[in-house]
Amino acid sequence: FAAMRASWRALGHASDRLKSDKVFMLAAVCEHGSALCFAAPELKADREVVLAAVSSSGWALSCASEALRSDRECVMAAVTANPAALDFAEEVLRSDPEL
């Protein structure tokens with residue numbers, strides 16, 4: 001975890017076990033939202049993990065599962081953190097005037 005704090009990209013070298021560990025990845029995405037890009041697929045589809053990631057960094061929406069890129073709350077959290085994150089939302093939400 002210390003290496004990840006220095007650079008979230010260090011997670012690229014983490015074991016699959018760590019990338020699948022929800023507690024570890026939740027801590028990682030709270031520290032650096034973009035760490036979501038290295039999470040196991042099941043965590044990229046985990047609403048709690050994705051909400052934590054996009055709240056920290058709107059860009060993390062680009063790494064979320066397709067289902068969560070069309071989840072209004074996840075997209076709203078991402079856009080609140082970074083309005084440009086709307087580019088990563090599914091088409092149906094990109095035209096939503098409230099976002």
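This report walks through the helices, the core, the disulfide and one aspartate of a predicted model.

**Ground rules**

Residues are counted from 1 along each chain, in the order its sequence is written.

**The overall picture**

Let's start with the fold. The protein chain has eight helices and zero strands. Helices here are DSSP runs of H or I with at least four residues, strands are runs of E with at least two, and both are numbered from the N terminus.

The protein chain averages 89, and 89% of the residues score at least 70.

Of the 99 residues in the protein chain, 46% are buried. Buried means under 20% relative accessible area, exposed means over 50%, and partly exposed is in between (1.4 Å probe, protein chains only). The accessible surface comes to about 5200 Å², and carbon and sulfur atoms account for 54% of that. These areas come from the Shrake-Rupley method with a 1.4 Å probe, and for residues only the protein chains shown count as cover.

**Inside the core**

In soluble globular proteins, nonpolar side chains tend to be buried together. A nonpolar core is a set of buried Ala, Val, Leu, Ile, Met, Phe, Trp, Tyr and Cys residues joined through side-chain atoms within 4.5 Å. The largest one here has 32 residues, and L11, V29, L36, V50, V54, L61 and V75 touch the most other members. Helix 3 (22-31), helix 5 (47-56) and helix 7 (72-81) are the elements that each give two or more residues to this core. Which helix gives the largest share of this core? That's helix 5, with six residues.

In helix 5, V49, V50, L51, A52, A53 and V54 are buried. Their cover includes helix 3, helix 4, helix 6 and helix 7. Zoom in on V50: leaving aside neighbours within four places in sequence, V50 is in contact (heavy atoms within 4.5 Å) with L36, L43, K44, A64, L68 and C74.

**The cysteines**

A disulfide is a pair of cysteine sulfur atoms within 2.5 Å. There is one disulfide by this rule, and it joins C37 to C63, with 1.8 Å from S to S. C37 sits in the loop between helix 3 and helix 4 (41-44) and C63 in the loop between helix 5 and helix 6 (66-69), so the pair ties together parts that are 26 residues apart in sequence.

| Cysteine | Relative accessible area | Class |
|---|---|---|
| C37 | 30% | partly exposed |
| C63 | 14% | buried |
| C74 | 0% | buried |

Where is D46 placed? D46 is in the loop between helix 4 and helix 5, and D46 is buried, with a relative accessible area of 17%. Its side chain makes a polar contact with the side chain of K22 (3.1 Å). A polar contact is a pair of N or O atoms within 3.5 Å; within protein, one must be able to donate a hydrogen and the other to accept it, and residues adjacent in sequence count only if both atoms are side-chain atoms. At the start of helix 5, a side-chain oxygen of D46 also reaches to within 3.0 Å of the backbone nitrogen of E48.

Technical notes
Predicted model: local features only at pLDDT ≥ 70, side-chain atom pairs only at ≥ 80, totals over all residues. Heavy atoms only, no water. pLDDT = per-residue confidence, 0-100.
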